[in-house]
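Look over the sequence and the structure, then work through each solution.

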Amino acid sequence: MKIFIDTAIIKEIEWAEERGLLDGITTNPSLLSRADRKLGEVINDILKLIKDRPVSIELVSQNVDEIIEEARTVSKLAKNVVVKVPMTDEGMMAVQYLEKKGIHTNVTLVFSAAQALLAAKSGATFISIFMGRLDDIKQSGIEVVRESVQIMRQYEFQSNILAASIRSVSHVEECALAGADVATIPFKVLVQMYRHDLTDKGIKKFLEDWEKVPK
Ligand code: E4P
């Protein structure tokens, strides 16, 4: 499973890159607003840092022509830009056009296997399933990831299932087991993945016992 970081904060991207963890980046308007810097500067910095792996940038247009126009502009920023298009009727028409023109898309805000099927039939490169937001409304995010992965395999679609809206280490484990192609993980969860109480306790005990070894 590929690991993307779900952030627009440069320090967090650098942290993941230093650890050799990064297969790509996803951003969205909420994450960009949290970066608290001018849009152009943040995007520029991200694209300077990551030149050879996908960087998803969300479009804000809502109708086909405007989505295509915005996608053209945004995709010119760098070769590795992937445009995020929301899962709507007009969005999927734009995705079909853009993919045919060689502009890679990430269909975002996907909450059901039916939506994933439509995104795949439209030729999306990535299909972002929002696990956490489904769990928030007492539906199962992992179930939608599982079903969508199965549909992609069964019909040999080329789209990559991207588990998004990840809130916990368990979410990462679950989507890896479900066969998701990508998980886009927030910085906080990436840090937590290294940790286990028993690892900390074990290190402490080994260091204490090391002191008792006659040397
Ligand atoms: C995915 O690309 C989105 O940026 C993200 O995972 C949304 O997560 P949230 O539900 O925590 O906002």
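**Exercise 1: the largest pocket**

The largest pocket holds about 440 Å³ of space. This is a predicted model, in which local features need pLDDT of at least 70, side-chain atom pairs count only at pLDDT 80 or more, and totals for chains, interfaces and linings use all residues. Residues are numbered from 1 along each chain as its sequence is written, and side-chain values use heavy atoms, without hydrogens and water.

Task: find which residues lie nearest the centre of the largest pocket, and which element gives the most to its lining.

Solution. 
- Step 1. A pocket is an open set of points on a 1 Å grid over the protein atoms alone, where a 1.4 Å probe fits, with protein on both sides within 12 Å along at least five of seven lines; lining residues have an atom within 4 Å of a point.
- Step 2. The lining has 25 residues; Asp-6, Leu-31, Arg-34, Ile-166 and Pro-186 lie nearest the centre.
- Step 3. Helix H2 (29–35), strand E6 (126–130) and helix H10 (187–193) each give two or more lining residues.
- Step 4. H10 gives the most, with 4 residues.

**Exercise 2: the second largest pocket**

Task: state the volume of the second largest pocket and the element with the largest share of its lining.

Solution. 
- Step 1. The volume is about 220 Å³.
- Step 2. Its lining counts 13 residues, with Leu-32, Leu-39, Ile-43, Ile-57 and Glu-58 nearest the centre.
- Step 3. At least two lining residues come from each of H2, helix H3 (39–49), strand E3 (55–58) and helix H4 (64–75).
- Step 4. H3 has the largest share, 5 residues.

How values were computed
Points joined across faces, edges and corners; volume = space filled by probe spheres on them.
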